[in-house]
Amino acid sequence: MPRISYVEPAGDSRDVEVEPRVSVMRAAILNGVDGIIGECGGQAMCATCHVFVERTDGELPEVGDDEEEMLECTADERLENSRLGCQLRAGDHFDELVVRLPERQV
Ligand code: FES
């Protein structure tokens, strides 16, 4: 089963196994991982699922137009490895993924 490691800003990390096609945002909510809100439910309309991709074994999809627009609105600074967690799905895009959580989402 695909696995996501969420690294908190302070450095602690939490690994979760996720069903295929579940997004990084949804997996965080389902597993009670703090630091991801997912206010719009995964529609690329809120940017509260901002993550920094540290490592992956997969080929992540290109940043889409909607994602690009939302990444301009992140509460924490956008970096080169910034992505919206709702746009990255286990199995489709990766089997192993390490993401760092931003200091804040709002
Ligand atoms: S959950 Fe709203 S942009 Fe990802």
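Visitor: Which residues does Met25 touch, not counting residues up to four places away in sequence?

Guide: This is a predicted model, and in it Met25 touches Ile36, Gly38, Gly42, Cys49, Gly85 and Cys86, with residues up to four places away in sequence left out of the list.

Visitor: And is Met25 buried or exposed?

Guide: Met25 is buried, because 27 other C-beta atoms lie within 10 Å and the cut-off for calling a residue buried is 20 or more.

Visitor: How many Å separate the C-alpha atoms of Met25 and Glu68?

Guide: Those of Met25 and Glu68 are separated by 17 Å, the two residues being 43 residues apart along the chain.

Visitor: Switching to the sheet, what's the strand order?

Guide: The sheet is open and has five strands in the order E2-E1-E5-E3-E4, with mixed pairing. Strand E2 (13–17) and strand E4 (82–84) each have a single partner strand, so one side of each is left without a neighbour in the sheet. On average, neighbouring strands of this sheet are turned by 35 degrees against each other, direction ignored.

Visitor: Okay, how many bridges join E3 to E4?

Guide: Strand E3, residues 50–56, is joined to E4 by three bridges, and these two strands run antiparallel; within E4, Ser82 is the residue that stands opposite Phe52.

Visitor: And what about E3 with E5, in which sense do they pair?

Guide: E3 and strand E5 (residues 96–100) pair in the antiparallel sense, over four bridges, and Arg55 has Val98 in E5 as a bridge partner.

Technical notes
Residues are numbered from 1 along each chain as its sequence is written. This is a predicted model: local features need pLDDT of at least 70, side-chain atom pairs count only at pLDDT 80 or more; totals for chains, interfaces and linings use all residues. Two strands pair if DSSP finds at least two bridges between them. Axes are lines fitted to C-alpha atoms, for helices over the stretch in contact, and angles run from 0 to 180 degrees between N-to-C directions. A residue is buried if 20 or more other C-beta atoms lie within 10 Å of its own, exposed if 12 or fewer, and partly exposed in between; C-beta atoms are placed from the backbone. Two residues are in contact if their C-beta atoms, placed from the backbone, lie within 7 Å.
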